[in-house]
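Here is a walk through one model, from charged pairs to open pockets. Keep the sequence and the coordinates side by side as you read.

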Amino acid sequence: MKVISIVNNKGGVGKTTSSQNIAAALYRFAKQKVLLIDLDSQASLTKCFGIMDSFNKKNCGNFILGDTPFQDVVVSVAGVDVLPSSPLLNSMEDSMKSAAVFPFNLKIALEKIKDQYDYVIIDCPPTLSSLTRIALISCNYYYVPLQAEYLSYEGLRNFLFYTNELRQISPNTTLGGVFATRYNPNIKKKLSNDLVEATRKQLGDMFMKTYIRDNISLSEAQARGTDIFDYAPDSNGAVDYYSLTKEILNKQ
């Protein structure tokens, strides 16, 4: 079982969209058994799968804390399994942080189900919180969606410095790559193109060849509670996430 975190401490860069559609591509095209974990208390990923009643039920925090069996939390939808989130996850963060096993809480919890899945995809919160920390510690690879704008570029360096520090206690946690979102090099936006090129030079092979173009179908699919391949299989969004998932598979 391989564990991948989709992570960036900046919001609005495409973490949830990427988590959902990478997981969908792994299931649909690579025939992999996939578990998605919504580790953000805003529960955006949970909503994207139309799992609206999770707000009154158990969430992934209950599984991580060990007070609820996995089968009582997981929800199967559209070919993948989802450990949903809810605003209640916020109130559990202190308990996770004070646990004797912190920051290995999620890593230990996932050991119990390691034979059930080929891939686990974790949608992380847009902060350098305890939840983000346990996600990074638990994963084999982390991928960073980067919106091609100045503030995202400036924040990337600090974020990568933070994640490199974590390798002292989790040496197997590896940067899989950084990929541009809401970006199209054919549109002449000098600043965006310059930032992407600067990031490519800085990261080398760690900057993914695939970029995700801005595509309204991605938002529309989420509003319908489904992934881009089900909603608009011929769209730019579907083409781009299919290509990105292939690149991720080829890097491992």
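A salt bridge here is a side-chain nitrogen of Lys or Arg within 4 Å of a carboxyl oxygen of Asp or Glu. Glu111 and Lys114 form such a pair, with their closest N and O atoms 3.2 Å apart. The model is predicted, so local features need pLDDT of at least 70 and side-chain atom pairs count only at pLDDT 80 or more, while totals for chains, interfaces and linings use all residues. Residues are numbered from 1 along each chain as its sequence is written, and side-chain values use heavy atoms, with hydrogens and water left out.

Start with exposure. Buried means under 20% relative accessible area, exposed means over 50%, and partly exposed lies in between (1.4 Å probe, protein chains only). Glu111 has a relative accessible area of 47%, so it is partly exposed. Lys114, at 38%, is partly exposed too.

How many salt bridges does a search of the whole structure find? The count is seven. One of them joins the side chains of Asp81 and Lys33, at 3.7 Å from N to O. Asp81 lies in strand 4 (residues 80-83) and Lys33 in the loop between helix 1 and strand 2 (34-38), so the pair ties together parts 48 residues apart in sequence. Helices (H or I, at least four residues) and strands (E, at least two) are DSSP runs, numbered from the N terminus. Is Asp81 buried or exposed? Its relative accessibility is 8%, so Asp81 counts as buried. Lys33, at 37%, counts as partly exposed.

Now move to Asp240. This residue forms a salt bridge with Arg213, and the closest N and O atoms are 2.8 Å apart. Asp240 sits in helix 11 (residues 236-251) and Arg213 in the loop between helix 8 (190-203) and helix 9, so the bridge ties together parts 27 residues apart in sequence. Asp240 is buried, with a relative accessible area of 6%.

Turn next to helix 1. It has 14 residues. From first C-alpha to last it reaches 20 Å, close to the 20 Å expected at 1.5 Å a residue. That expected span is 1.5 Å times one less than the number of residues. Why is helix 1 largely enclosed by the rest of the structure? Because 12 of its 14 residues are buried. Among them are Lys15, Thr17, Gln20, Ile22 and Leu26.

The pockets come last. On a 1 Å grid over the protein atoms alone, a pocket is an open set of points where a 1.4 Å probe fits, with protein on both sides within 12 Å along at least five of seven lines; lining residues have an atom within 4 Å of a point. The largest pocket has a volume of about 440 Å³. Of its 24 lining residues, Gly12, Val13, Gly14, Thr17 and Arg182 are the closest to its centre. Helix 1 (15-28) and helix 9 (216-223) each supply at least two residues of the lining. The largest share, four residues, comes from helix 9.

The second largest pocket holds about 230 Å³ of space. A volume is the space filled by probe spheres set on the grid points, which are joined across faces, edges and corners. Residues that line the second largest pocket include Gln147, Tyr183, Lys189, Arg213 and Asp214. Arg182 is also one of them.
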